Amino acid sequence: MGTVLQQMCDYFHADDPTRLVHYEGVFYDRSFDFITDIESRMYPTPGDVRAYLENDQPKPMCLCEYMHSMGNSVDGLESYMKLREKFLSFQGGFLWDFIDQALYWSKDGKPEKLLYGGNFGDRPSDYAFYANGLLFAAWTEKPAMEEVQYWYLSDEERAVFDPANAQRRQGAQRKCRLTAEDCQRSALRDLELFSDATTSSGPFLKVIHTDCNLGLYGEGFRYVFSFDKGGPVSLVVVGKEQLYRAPRSTFWRAPAENDLGFNLPARSAVWMGADRYNVATVREVEKFGDGFTETLVPLDFAQRRPAQEMEIRYTWPTATTPQALVIVSYRVNALGRTKVSLNYHGRKGLPELPAFGLELLTAQQLDSYRWDGLSGETYPDRYKGAQFGSHEAAVSVTPYLIPQECGNHKDTYRLRAGELTFLCEERSFHCSALPCTQHQLATAEPQEELPERSRTVIRILGALRGVGGIDRWRSDVEEPYRVSGEEDMRFSFYIVPSCEV
(Lines give C-alpha, C1' and ligand atoms only; values in the text may rest on other atoms or scores of the structure.)
Protein backbone atom coordinates (compact mmCIF):
# COMPACT_ATOMS: atom_id res chain seq x y z
CA MET A 1 0.00 0.00 0.00
CA GLY A 2 2.84 2.38 0.89
CA THR A 3 4.41 2.11 -2.58
CA VAL A 4 1.10 3.03 -4.21
CA LEU A 5 0.92 6.16 -2.08
CA GLN A 6 4.53 6.91 -2.99
CA GLN A 7 3.67 6.73 -6.69
CA MET A 8 0.69 9.06 -6.13
CA CYS A 9 2.96 11.52 -4.33
CA ASP A 10 5.51 11.40 -7.16
CA TYR A 11 2.73 12.03 -9.70
CA PHE A 12 1.37 15.05 -7.81
CA HIS A 13 4.80 16.61 -7.50
CA ALA A 14 5.56 16.03 -11.19
CA ASP A 15 2.19 17.32 -12.38
CA ASP A 16 2.18 20.45 -10.20
CA PRO A 17 5.44 21.20 -8.35
CA THR A 18 3.81 24.16 -6.53
CA ARG A 19 1.22 22.01 -4.74
CA LEU A 20 2.02 20.44 -1.37
CA VAL A 21 1.14 16.81 -0.72
CA HIS A 22 -0.54 15.86 2.52
CA TYR A 23 -0.99 12.39 3.96
CA GLU A 24 -1.78 11.77 7.62
CA GLY A 25 -1.12 8.02 7.74
CA VAL A 26 2.69 8.24 7.81
CA PHE A 27 2.39 9.16 11.49
CA TYR A 28 1.79 5.44 12.04
CA ASP A 29 4.59 4.25 9.73
CA ARG A 30 7.60 6.56 9.58
CA SER A 31 9.31 4.45 6.92
CA PHE A 32 7.12 6.32 4.39
CA ASP A 33 7.64 9.73 5.95
CA PHE A 34 8.92 11.11 2.63
CA ILE A 35 5.53 10.84 0.87
CA THR A 36 4.06 13.87 2.66
CA ASP A 37 5.26 17.47 2.70
CA ILE A 38 3.31 18.26 5.89
CA GLU A 39 3.25 16.69 9.34
CA SER A 40 -0.40 15.86 9.82
CA ARG A 41 -2.18 14.23 12.73
CA MET A 42 -5.72 13.60 13.78
CA TYR A 43 -6.83 14.88 17.22
CA PRO A 44 -3.46 15.32 18.95
CA THR A 45 -3.54 17.06 22.30
CA PRO A 46 -2.08 20.57 22.62
CA GLY A 47 0.83 18.95 24.46
CA ASP A 48 1.49 16.62 21.54
CA VAL A 49 1.47 19.56 19.13
CA ARG A 50 3.85 21.55 21.30
CA ALA A 51 6.23 18.59 21.63
CA TYR A 52 6.52 18.35 17.84
CA LEU A 53 6.91 22.09 17.21
CA GLU A 54 9.57 22.61 19.88
CA ASN A 55 11.94 20.07 18.29
CA ASP A 56 12.76 22.02 15.10
CA GLN A 57 11.10 19.51 12.80
CA PRO A 58 11.75 19.89 9.04
CA LYS A 59 8.06 19.94 8.08
CA PRO A 60 5.26 22.29 9.10
CA MET A 61 2.33 20.82 11.00
CA CYS A 62 -1.34 20.93 9.99
CA LEU A 63 -4.07 19.06 11.86
CA CYS A 64 -6.34 17.35 9.36
CA GLU A 65 -8.98 17.07 12.11
CA TYR A 66 -9.12 18.55 15.62
CA MET A 67 -11.67 19.74 18.20
CA HIS A 68 -14.33 17.06 17.77
CA SER A 69 -17.50 19.17 18.07
CA MET A 70 -19.82 16.46 19.35
CA GLY A 71 -22.59 17.80 21.55
CA ASN A 72 -21.42 20.43 24.04
CA SER A 73 -17.79 20.70 22.98
CA VAL A 74 -14.98 22.80 21.39
CA ASP A 75 -13.75 23.79 24.83
CA GLY A 76 -9.99 24.30 24.96
CA LEU A 77 -9.69 25.78 21.47
CA GLU A 78 -7.57 28.56 22.95
CA SER A 79 -4.69 26.17 23.68
CA TYR A 80 -4.32 25.32 19.98
CA MET A 81 -4.68 28.94 18.90
CA LYS A 82 -1.95 30.06 21.28
CA LEU A 83 0.38 27.51 19.70
CA ARG A 84 -0.49 28.85 16.24
CA GLU A 85 0.48 32.33 17.39
CA LYS A 86 3.78 31.15 18.90
CA PHE A 87 5.07 28.75 16.21
CA LEU A 88 5.20 29.85 12.57
CA SER A 89 5.51 26.21 11.50
CA PHE A 90 2.06 25.41 12.90
CA GLN A 91 -0.43 25.99 10.11
CA GLY A 92 -3.49 25.32 12.25
CA GLY A 93 -6.04 22.71 11.33
CA PHE A 94 -9.58 21.77 10.39
CA LEU A 95 -12.29 21.91 13.05
CA TRP A 96 -14.43 18.79 12.84
CA ASP A 97 -17.20 18.93 11.70
CA PHE A 98 -19.35 21.55 9.99
CA ILE A 99 -22.89 20.36 10.79
CA ASP A 100 -24.59 17.63 12.84
CA GLN A 101 -25.63 14.72 10.65
CA ALA A 102 -29.27 13.95 11.41
CA LEU A 103 -32.49 13.78 9.39
CA TYR A 104 -35.94 15.12 10.17
CA TRP A 105 -38.66 12.50 10.52
CA SER A 106 -41.88 13.89 9.08
CA LYS A 107 -45.48 13.11 9.87
CA ASP A 108 -48.22 14.36 7.56
CA GLY A 109 -45.60 16.44 5.77
CA LYS A 110 -44.49 18.22 8.93
CA PRO A 111 -41.03 17.65 10.47
CA GLU A 112 -41.51 16.12 13.92
CA LYS A 113 -38.09 15.25 15.26
CA LEU A 114 -34.49 14.60 14.27
CA LEU A 115 -33.32 11.01 13.79
CA TYR A 116 -29.72 9.81 13.77
CA GLY A 117 -27.71 6.58 13.79
CA GLY A 118 -29.58 3.65 15.33
CA ASN A 119 -33.03 5.23 14.81
CA PHE A 120 -33.47 3.46 11.46
CA GLY A 121 -32.98 -0.09 12.67
CA ASP A 122 -29.35 0.05 11.53
CA ARG A 123 -27.01 -2.25 13.45
CA PRO A 124 -24.19 -1.87 14.15
CA SER A 125 -24.34 1.92 14.42
CA ASP A 126 -22.29 4.88 15.55
CA TYR A 127 -25.52 6.36 16.97
CA ALA A 128 -25.05 10.10 17.62
CA PHE A 129 -21.31 10.09 16.92
CA TYR A 130 -21.81 12.17 13.78
CA ALA A 131 -23.68 14.88 15.64
CA ASN A 132 -20.30 16.58 15.71
CA GLY A 133 -20.86 19.83 13.85
CA LEU A 134 -20.40 23.48 14.67
CA LEU A 135 -24.01 23.82 13.48
CA PHE A 136 -27.05 21.92 14.67
CA ALA A 137 -28.72 19.76 12.02
CA ALA A 138 -31.39 22.49 11.77
CA TRP A 139 -28.68 24.87 10.42
CA THR A 140 -28.49 27.02 13.52
CA GLU A 141 -25.23 27.76 15.32
CA LYS A 142 -24.20 25.80 18.39
CA PRO A 143 -23.17 27.92 21.39
CA ALA A 144 -19.51 27.01 20.78
CA MET A 145 -19.57 29.01 17.54
CA GLU A 146 -19.13 32.17 19.62
CA GLU A 147 -15.70 30.87 20.65
CA VAL A 148 -14.77 29.84 17.12
CA GLN A 149 -15.72 33.25 15.75
CA TYR A 150 -13.49 34.93 18.35
CA TRP A 151 -10.41 32.92 17.43
CA TYR A 152 -11.04 33.51 13.73
CA LEU A 153 -10.77 37.26 14.28
CA SER A 154 -7.56 38.91 13.20
CA ASP A 155 -5.03 40.00 15.82
CA GLU A 156 -6.11 43.61 15.20
CA GLU A 157 -9.79 42.78 15.71
CA ARG A 158 -9.09 40.94 18.98
CA ALA A 159 -6.98 43.89 20.11
CA VAL A 160 -10.16 45.98 19.90
CA PHE A 161 -12.56 43.36 21.29
CA ASP A 162 -10.57 42.37 24.40
CA PRO A 163 -10.10 45.82 26.01
CA ALA A 164 -13.74 46.72 25.35
CA ASN A 165 -14.84 43.46 26.96
CA ALA A 166 -12.55 44.04 29.94
CA GLN A 167 -14.13 47.47 30.43
CA ARG A 168 -17.62 45.94 30.38
CA ARG A 169 -16.46 43.39 32.94
CA GLN A 170 -15.26 46.15 35.26
CA GLY A 171 -18.67 47.82 34.96
CA ALA A 172 -20.42 44.58 35.96
CA GLN A 173 -18.02 44.15 38.88
CA ARG A 174 -18.63 47.67 40.15
CA LYS A 175 -22.39 47.31 39.93
CA CYS A 176 -22.33 44.02 41.80
CA ARG A 177 -19.84 45.25 44.41
CA LEU A 178 -21.99 48.27 45.28
CA THR A 179 -25.07 46.08 45.70
CA ALA A 180 -23.18 43.43 47.67
CA GLU A 181 -21.73 46.02 50.03
CA ASP A 182 -25.25 47.23 50.70
CA CYS A 183 -26.23 43.63 51.52
CA GLN A 184 -23.46 43.43 54.12
CA ARG A 185 -24.69 46.33 56.20
CA SER A 186 -26.68 45.19 59.24
CA ALA A 187 -28.44 48.52 59.73
CA LEU A 188 -30.15 49.23 56.41
CA ARG A 189 -32.38 52.21 55.73
CA ASP A 190 -34.87 53.67 58.13
CA LEU A 191 -37.49 50.89 57.97
CA GLU A 192 -39.95 49.98 60.71
CA LEU A 193 -40.11 46.19 60.80
CA PHE A 194 -41.67 43.69 63.23
CA SER A 195 -39.95 43.91 66.60
CA ASP A 196 -40.45 42.94 70.25
CA ALA A 197 -38.25 45.79 71.46
CA THR A 198 -39.46 49.05 72.93
CA THR A 199 -36.17 50.80 72.25
CA SER A 200 -33.73 49.63 69.60
CA SER A 201 -31.60 50.71 66.69
CA GLY A 202 -33.51 48.34 64.31
CA PRO A 203 -34.49 47.17 61.86
CA PHE A 204 -35.38 43.75 63.26
CA LEU A 205 -36.57 40.35 62.14
CA LYS A 206 -39.63 38.69 63.54
CA VAL A 207 -38.47 35.20 64.56
CA ILE A 208 -40.60 32.10 65.21
CA HIS A 209 -38.41 29.29 66.50
CA THR A 210 -39.85 25.77 66.97
CA ASP A 211 -38.43 22.28 67.29
CA CYS A 212 -38.62 21.59 63.53
CA ASN A 213 -38.59 24.94 61.75
CA LEU A 214 -37.36 28.50 62.01
CA GLY A 215 -39.60 31.24 60.64
CA LEU A 216 -38.16 34.65 59.70
CA TYR A 217 -40.50 37.50 58.78
CA GLY A 218 -40.09 41.05 57.58
CA GLU A 219 -41.63 43.60 55.28
CA GLY A 220 -42.38 41.90 51.98
CA PHE A 221 -40.93 38.46 52.83
CA ARG A 222 -41.59 35.29 54.87
CA TYR A 223 -38.93 32.57 55.08
CA VAL A 224 -39.17 29.14 56.70
CA PHE A 225 -36.02 27.10 57.36
CA SER A 226 -36.43 23.39 58.10
CA PHE A 227 -33.98 21.68 60.43
CA ASP A 228 -34.95 18.29 59.00
CA LYS A 229 -34.74 19.16 55.28
CA GLY A 230 -31.41 20.94 55.43
CA GLY A 231 -32.38 24.41 54.23
CA PRO A 232 -35.18 26.87 53.54
CA VAL A 233 -38.42 25.17 52.50
CA SER A 234 -40.25 28.42 51.84
CA LEU A 235 -39.13 31.78 50.50
CA VAL A 236 -42.19 33.97 50.05
CA VAL A 237 -41.48 37.33 48.41
CA VAL A 238 -44.24 39.91 47.84
CA GLY A 239 -46.78 37.18 48.51
CA LYS A 240 -45.38 34.66 46.02
CA GLU A 241 -43.73 31.36 46.94
CA GLN A 242 -40.35 31.03 45.22
CA LEU A 243 -39.22 27.55 46.31
CA TYR A 244 -40.50 24.06 45.54
CA ARG A 245 -38.19 22.23 47.96
CA ALA A 246 -35.16 23.07 50.10
CA PRO A 247 -31.99 23.86 48.09
CA ARG A 248 -29.27 21.22 48.13
CA SER A 249 -25.52 21.26 47.67
CA THR A 250 -24.73 19.86 44.23
CA PHE A 251 -21.71 17.97 42.91
CA TRP A 252 -22.88 16.44 39.63
CA ARG A 253 -23.75 17.39 36.09
CA ALA A 254 -25.32 15.55 33.19
CA PRO A 255 -22.32 14.06 31.36
CA ALA A 256 -21.30 15.90 28.22
CA GLU A 257 -20.09 13.85 25.26
CA ASN A 258 -16.45 14.38 26.17
CA ASP A 259 -17.12 13.33 29.77
CA LEU A 260 -18.46 10.03 28.41
CA GLY A 261 -15.47 9.62 26.12
CA PHE A 262 -13.06 10.03 29.03
CA ASN A 263 -15.27 7.79 31.21
CA LEU A 264 -15.70 10.55 33.80
CA PRO A 265 -19.16 9.33 34.93
CA ALA A 266 -17.61 6.04 36.05
CA ARG A 267 -14.50 7.63 37.55
CA SER A 268 -16.55 10.15 39.55
CA ALA A 269 -19.77 8.15 40.01
CA VAL A 270 -19.77 8.64 43.79
CA TRP A 271 -20.67 12.29 43.25
CA MET A 272 -23.90 11.36 41.49
CA GLY A 273 -25.05 9.53 44.63
CA ALA A 274 -23.86 12.36 46.87
CA ASP A 275 -25.77 14.83 44.72
CA ARG A 276 -29.06 13.01 45.36
CA TYR A 277 -28.78 11.35 48.75
CA ASN A 278 -26.81 13.54 51.18
CA VAL A 279 -28.53 14.18 54.51
CA ALA A 280 -27.81 17.13 56.82
CA THR A 281 -26.70 15.85 60.24
CA VAL A 282 -25.98 19.04 62.21
CA ARG A 283 -28.13 22.18 62.38
CA GLU A 284 -27.06 25.30 64.24
CA VAL A 285 -28.83 28.63 64.69
CA GLU A 286 -27.28 31.92 65.83
CA LYS A 287 -29.02 35.22 66.54
CA PHE A 288 -27.26 38.56 66.05
CA GLY A 289 -28.60 41.70 67.68
CA ASP A 290 -27.55 45.01 69.16
CA GLY A 291 -24.08 44.13 70.43
CA PHE A 292 -24.78 40.47 71.16
CA THR A 293 -24.62 37.03 69.58
CA GLU A 294 -26.40 34.00 70.99
CA THR A 295 -26.93 30.39 69.98
CA LEU A 296 -30.56 29.29 69.99
CA VAL A 297 -31.83 25.97 71.29
CA PRO A 298 -35.13 24.52 69.99
CA LEU A 299 -38.12 25.23 72.27
CA ASP A 300 -36.00 27.45 74.57
CA PHE A 301 -37.68 30.87 74.56
CA ALA A 302 -35.95 32.24 77.66
CA GLN A 303 -34.15 34.82 75.54
CA ARG A 304 -36.51 36.91 73.38
CA ARG A 305 -34.20 39.75 72.45
CA PRO A 306 -34.95 41.05 68.92
CA ALA A 307 -32.67 39.91 66.11
CA GLN A 308 -31.12 42.03 63.41
CA GLU A 309 -29.72 38.95 61.67
CA MET A 310 -30.11 35.19 61.95
CA GLU A 311 -27.67 32.53 60.71
CA ILE A 312 -28.67 28.90 60.11
CA ARG A 313 -25.89 26.38 59.42
CA TYR A 314 -26.24 22.86 58.06
CA THR A 315 -23.49 20.25 57.98
CA TRP A 316 -23.73 17.72 55.15
CA PRO A 317 -21.40 14.68 55.26
CA THR A 318 -21.19 13.51 51.65
CA ALA A 319 -22.48 10.07 50.66
CA THR A 320 -18.99 9.05 49.54
CA THR A 321 -16.10 6.90 50.78
CA PRO A 322 -14.18 8.59 52.25
CA GLN A 323 -16.62 11.27 53.39
CA ALA A 324 -16.12 14.95 52.71
CA LEU A 325 -17.93 17.61 54.71
CA VAL A 326 -19.99 20.46 53.29
CA ILE A 327 -21.19 23.28 55.55
CA VAL A 328 -23.92 25.46 54.10
CA SER A 329 -24.94 28.58 56.01
CA TYR A 330 -27.73 31.11 55.45
CA ARG A 331 -27.38 34.49 57.15
CA VAL A 332 -30.58 36.54 56.85
CA ASN A 333 -30.90 40.23 57.70
CA ALA A 334 -33.99 42.29 58.44
CA LEU A 335 -34.59 43.14 54.77
CA GLY A 336 -34.69 39.51 53.78
CA ARG A 337 -31.26 39.57 52.16
CA THR A 338 -29.55 36.23 52.66
CA LYS A 339 -25.84 35.53 52.48
CA VAL A 340 -25.30 31.91 51.45
CA SER A 341 -21.88 30.42 52.18
CA LEU A 342 -20.71 26.98 51.08
CA ASN A 343 -17.58 25.40 52.54
CA TYR A 344 -16.33 22.12 51.10
CA HIS A 345 -13.75 20.17 53.12
CA GLY A 346 -12.12 17.63 50.80
CA ARG A 347 -10.59 14.28 51.63
CA LYS A 348 -7.63 12.50 50.10
CA GLY A 349 -8.75 9.71 47.81
CA LEU A 350 -11.93 11.36 46.52
CA PRO A 351 -12.28 11.60 42.71
CA GLU A 352 -12.59 14.82 40.76
CA LEU A 353 -15.82 16.77 41.04
CA PRO A 354 -17.96 17.59 38.02
CA ALA A 355 -19.36 20.64 39.87
CA PHE A 356 -19.77 22.25 43.30
CA GLY A 357 -22.47 24.67 44.37
CA LEU A 358 -26.13 25.00 45.31
CA GLU A 359 -29.20 23.85 43.38
CA LEU A 360 -32.76 25.00 43.99
CA LEU A 361 -36.09 24.34 42.29
CA THR A 362 -38.57 27.15 41.83
CA ALA A 363 -42.21 26.76 42.85
CA GLN A 364 -43.41 27.56 39.32
CA GLN A 365 -41.94 27.25 35.85
CA LEU A 366 -40.20 30.47 34.79
CA ASP A 367 -40.33 31.59 31.17
CA SER A 368 -37.10 33.56 31.21
CA TYR A 369 -34.27 34.87 33.39
CA ARG A 370 -31.72 37.68 33.27
CA TRP A 371 -28.07 37.84 34.20
CA ASP A 372 -25.11 40.22 34.27
CA GLY A 373 -22.01 38.47 32.98
CA LEU A 374 -20.85 36.68 29.86
CA SER A 375 -23.18 36.15 26.93
CA GLY A 376 -24.18 32.75 25.61
CA GLU A 377 -23.24 29.34 26.98
CA THR A 378 -19.79 29.51 28.54
CA TYR A 379 -17.46 27.24 30.53
CA PRO A 380 -14.05 27.48 32.21
CA ASP A 381 -12.38 26.39 28.95
CA ARG A 382 -14.71 28.18 26.49
CA TYR A 383 -15.54 31.83 27.09
CA LYS A 384 -13.17 34.15 25.20
CA GLY A 385 -15.74 34.97 22.51
CA ALA A 386 -18.50 35.89 24.97
CA GLN A 387 -19.31 39.53 25.69
CA PHE A 388 -19.88 41.02 29.12
CA GLY A 389 -23.19 42.77 29.60
CA SER A 390 -26.79 42.32 30.71
CA HIS A 391 -28.53 39.43 29.00
CA GLU A 392 -31.89 37.68 28.95
CA ALA A 393 -32.75 34.16 27.79
CA ALA A 394 -35.65 31.73 27.77
CA VAL A 395 -35.55 28.87 30.26
CA SER A 396 -34.76 26.02 27.87
CA VAL A 397 -32.47 23.08 27.14
CA THR A 398 -29.83 23.60 24.45
CA PRO A 399 -30.97 21.32 21.58
CA TYR A 400 -28.02 18.94 21.43
CA LEU A 401 -29.23 15.67 19.87
CA ILE A 402 -28.46 13.88 23.14
CA PRO A 403 -29.45 15.91 26.24
CA GLN A 404 -26.39 16.74 28.36
CA GLU A 405 -24.77 19.47 30.45
CA CYS A 406 -25.81 22.79 28.94
CA GLY A 407 -26.83 26.38 29.60
CA ASN A 408 -23.99 27.39 31.91
CA HIS A 409 -22.96 31.04 32.26
CA LYS A 410 -19.41 31.58 33.52
CA ASP A 411 -18.40 34.78 35.35
CA THR A 412 -21.89 35.82 36.41
CA TYR A 413 -22.20 38.74 38.79
CA ARG A 414 -25.97 38.90 39.08
CA LEU A 415 -28.81 36.54 38.16
CA ARG A 416 -32.50 37.38 38.40
CA ALA A 417 -35.02 34.52 38.32
CA GLY A 418 -38.60 35.12 39.36
CA GLU A 419 -38.73 37.37 42.43
CA LEU A 420 -35.21 36.42 43.56
CA THR A 421 -31.88 37.95 42.63
CA PHE A 422 -28.58 36.14 43.16
CA LEU A 423 -25.51 38.36 43.67
CA CYS A 424 -21.86 37.37 43.82
CA GLU A 425 -19.86 38.28 46.89
CA GLU A 426 -16.07 37.92 46.64
CA ARG A 427 -16.00 36.54 43.11
CA SER A 428 -18.29 35.75 40.20
CA PHE A 429 -20.07 32.41 39.93
CA HIS A 430 -21.34 29.95 37.33
CA CYS A 431 -25.11 29.77 36.93
CA SER A 432 -27.82 28.13 34.86
CA ALA A 433 -31.62 28.10 34.72
CA LEU A 434 -33.03 24.94 33.12
CA PRO A 435 -36.48 23.32 32.98
CA CYS A 436 -35.15 20.01 34.35
CA THR A 437 -32.53 18.60 36.70
CA GLN A 438 -29.12 17.29 35.70
CA HIS A 439 -30.29 13.74 36.46
CA GLN A 440 -33.28 14.15 34.16
CA LEU A 441 -31.00 15.43 31.40
CA ALA A 442 -28.68 12.45 31.85
CA THR A 443 -31.42 9.82 31.50
CA ALA A 444 -33.17 11.26 28.42
CA GLU A 445 -32.28 10.19 24.89
CA PRO A 446 -33.31 11.95 22.72
CA GLN A 447 -34.69 15.40 23.63
CA GLU A 448 -38.28 14.16 23.28
CA GLU A 449 -37.80 12.01 26.39
CA LEU A 450 -37.29 15.01 28.67
CA PRO A 451 -40.13 15.43 31.21
CA GLU A 452 -42.91 17.98 30.94
CA ARG A 453 -41.82 21.36 32.26
CA SER A 454 -43.27 22.35 35.61
CA ARG A 455 -40.42 24.07 37.49
CA THR A 456 -37.10 25.77 36.87
CA VAL A 457 -33.82 24.44 38.24
CA ILE A 458 -31.41 27.18 39.33
CA ARG A 459 -27.77 26.25 39.87
CA ILE A 460 -25.26 28.64 41.47
CA LEU A 461 -21.81 27.07 41.27
CA GLY A 462 -18.48 28.05 42.76
CA ALA A 463 -16.62 25.47 40.69
CA LEU A 464 -17.36 23.63 37.45
CA ARG A 465 -15.29 21.24 35.40
CA GLY A 466 -14.49 22.23 31.82
CA VAL A 467 -16.32 20.48 29.01
CA GLY A 468 -13.31 19.74 26.78
CA GLY A 469 -13.17 19.09 23.06
CA ILE A 470 -9.83 17.49 22.13
CA ASP A 471 -11.63 14.32 21.08
CA ARG A 472 -14.58 12.17 22.11
CA TRP A 473 -12.85 8.88 22.93
CA ARG A 474 -9.91 9.26 25.31
CA SER A 475 -8.80 12.75 26.32
CA ASP A 476 -9.41 14.44 29.66
CA VAL A 477 -9.98 18.18 29.90
CA GLU A 478 -6.78 20.13 30.43
CA GLU A 479 -5.42 20.33 33.96
CA PRO A 480 -6.48 23.92 34.81
CA TYR A 481 -10.13 23.05 34.12
CA ARG A 482 -10.48 20.12 36.54
CA VAL A 483 -12.02 20.31 40.04
CA SER A 484 -10.22 18.36 42.77
CA GLY A 485 -12.28 16.38 45.27
CA GLU A 486 -9.34 16.36 47.69
CA GLU A 487 -8.89 20.12 48.14
CA ASP A 488 -10.99 22.53 50.22
CA MET A 489 -13.24 25.06 48.49
CA ARG A 490 -15.47 27.88 49.61
CA PHE A 491 -17.62 30.55 48.01
CA SER A 492 -20.48 32.85 48.96
CA PHE A 493 -23.29 34.71 47.26
CA TYR A 494 -26.45 36.60 48.20
CA ILE A 495 -30.09 35.80 47.64
CA VAL A 496 -32.01 39.07 47.59
CA PRO A 497 -35.73 39.74 47.18
CA SER A 498 -35.87 41.38 43.75
CA CYS A 499 -37.95 44.26 45.10
CA GLU A 500 -34.85 45.29 47.11
CA VAL A 501 -32.34 45.32 44.21
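Student: What makes the charged end of lysine 410 count as sitting over the ring of tyrosine 383?

Tutor: Let's start with the distance: in this predicted model, the charged end of lysine 410 is 4.3 Å from the centre of the tyrosine 383 ring. The cut-off is NZ within 6 Å of the ring centre and within 35 degrees of the ring normal. The value of 4.3 Å meets the distance limit, and lysine 410 is placed over the ring.

Student: Where does lysine 113 lie relative to tryptophan 105?

Tutor: Lysine 113 lies over the face of tryptophan 105, at 5.9 Å from the ring centre.

Student: Why is the pair of phenylalanine 356 and phenylalanine 491 called edge-to-face?

Tutor: Two values decide it. The ring centres are 6.2 Å apart, and rings pair if their centres lie within 6.5 Å. The planes stand at 80°, and angles over 60 degrees count as edge-to-face, so the name follows. This is one of 24 aromatic pairs.

Student: Which parts of the chain does the pair of phenylalanine 356 and phenylalanine 491 link?

Tutor: Phenylalanine 356 is in strand β17 (residues 355-361) and phenylalanine 491 in strand β25, 135 residues apart.

Student: How do you know that phenylalanine 356 and phenylalanine 491 are buried?

Tutor: Buried means under 20% relative accessible area. Phenylalanine 356 is at 1% and therefore counts as buried; phenylalanine 491, at 4%, counts as buried as well.

Student: Why is the pair of phenylalanine 388 and tyrosine 413 called tilted?

Tutor: The centres of these two rings are 6.3 Å apart, and their planes meet at 45°. An angle under 30 degrees would be stacked and one over 60 edge-to-face, so 45° falls to the remaining class, tilted. Phenylalanine 388 lies in strand β19 (residues 388-394) and tyrosine 413 in the loop between β20 (409-412) and β21 (414-417), so the pair ties together parts 25 residues apart in sequence. Both residues are buried.

Student: Which residues form one aromatic cluster?

Tutor: Phe251, Trp271, Tyr344, Phe356, Phe422, Phe429, Phe491 and Phe493 form it. Among them, Tyr344, Phe356, Phe422 and Phe493 also belong to the residues with the most contacts inside the largest nonpolar core, which has 65 residues. Strand β25 (residues 489-497) gives the largest share of this core, six residues. Tyrosine 344 touches residues including Phe251, Trp271, Phe356 and Met489. A second, separate core has 25 residues, among them Met61, Leu95, Met145 and Tyr150.

Student: How do you know that alanine 274 is buried?

Tutor: Its relative accessible area is 0%, and the limit for buried is under 20%, so alanine 274 qualifies. Alanine 274 lies in helix α8 (residues 270-277). Leaving aside neighbours within four places in sequence, alanine 274 is in contact with Arg248, Phe251, Thr318, Ala319 and Thr320. For a sense of distance, the C-alpha atoms of alanine 274 and methionine 61 are separated by 45 Å.

Student: What makes β1 and β2 a pair?

Tutor: Pairing needs at least two bridges. β1 and β2 have four, in the parallel sense, so they pass. Methionine 42 stands opposite glutamate 65 in β2.

Student: How many bridges join strand β4 to strand β5?

Tutor: Five bridges join β4 (residues 103-107) to β5 (residues 110-115), which run antiparallel. With at least two needed, β4 and β5 therefore count as paired. Serine 106 has proline 111 in β5 as its bridge partner. The two strands form a hairpin with two residues between them, and aspartate 108 in the turn has a positive phi of about 55°.

Terms used. Residues numbered from 1 in each chain as written. Predicted model: local features only at pLDDT ≥ 70, side-chain atom pairs only at ≥ 80, totals over all residues. Heavy atoms only, no water. Core = buried A, V, L, I, M, F, W, Y, C linked by side-chain atoms within 4.5 Å. Buried < 20%, exposed > 50% of the residue type's maximum accessible area, 1.4 Å probe, protein only. Contact = heavy atoms within 4.5 Å. Phe/Tyr/Trp six-rings, centres within 6.5 Å; stacked < 30°, edge-to-face > 60°.
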